[in-house]
Amino acid sequence: KLLGIVLNVGNRLNTAGVSSQKEAGAFKLESLLKLNQAKAFDKKTTCLHYIVLVAQRNNDLLLQFQDDLETVKMADKVYWDQCISDLEEVENQLENVRRIALHQAQLTSKYRLKKEKKR
């Protein structure tokens with residue numbers, strides 16, 4: 001939800017508040033680092049300050065995300081290339097199982113037809 005607020009605020013800034021313009025459906029994580037750079041007319045309030053205010057108004061619990069950061073650190077150690085490779089291997093194995101099942105079904109069907117013809 002917090003990242004949804006970031007996206008919504010970013011869309012409002014990029015479209016100057018006009019909702020008829022096409023809005024972004026995502027943003028790059030690097031852009032989070034720039035939230036404290038964009039300042040309002042008062043030259044003090046940053047985009048990050050505004051997002052915190054919006055989050056506090058909507059759900060103060062959104063700002064207690066520091067407990068979730070440990071899982072993010074663990075996710076950093078995931079080797080995505082290996083995950084993709086493993087997923088492709090599982091997909092190949094599933095395709096082999098599908099082919100074997102289809103072949104077995106065809107053999108069973110032929111066996112039943114032969115058995116019925118003998119009667």
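Helices here are DSSP runs of H or I, at least four residues long, numbered from the N terminus. The model is predicted, so I kept to local features with pLDDT of at least 70.

**Entry: L2.** I looked up L2 and found it in helix α1, which spans residues 2-14. Is L2 buried or exposed? L2 counts as buried because its relative accessibility is 19%, and the cut-off for buried is under 20%. I then checked L2 against D86, which is 84 residues away along the chain. Their C-alpha atoms are separated by 32 Å.

**Entry: cysteines.** How many disulfides does the model have? I got zero disulfides, taking a pair of cysteine sulfur atoms within 2.5 Å as the criterion. C47 is buried, at a relative accessible area of 10%. C83 is partly exposed, at 34%.

**Entry: nonpolar patch.** I noted a nonpolar surface patch formed by F65, L69 and V72. Together these residues have about 250 Å² of accessible area. L69 belongs to helix α3, residues 69-75. I read L69 as partly exposed, because its relative accessible area is 37%.

**Entry: positive patch.** Which residues gather in a patch of positive charge on the surface? I listed K110, K114, K117 and K118. I followed up on K117, which sits in helix α4, residues 80-118. K117 counts as exposed because its relative accessibility is 72%, and exposed means over 50%.

Definitions and conventions. Residues numbered from 1 in each chain as written. Predicted model: local features only at pLDDT ≥ 70, side-chain atom pairs only at ≥ 80, totals over all residues. Heavy atoms only, no water. Patch = residues over 30% accessible without salt bridge, like charges linked within 9 Å, V, L, I, M, F, W, Y side chains within 5 Å. Areas by Shrake-Rupley, 256 points an atom, 1.4 Å probe, with all protein chains shown as cover. Salt bridge = Lys/Arg side-chain N within 4 Å of Asp/Glu carboxyl O. Lys, Arg positive; Asp, Glu negative; His and termini not counted. Charge placed at Lys NZ, Arg CZ, Asp CG, Glu CD. Helix = DSSP H or I, 4+ residues; strand = E, 2+ residues; numbered from the N terminus. Buried < 20%, exposed > 50% of the residue type's maximum accessible area, 1.4 Å probe, protein only.
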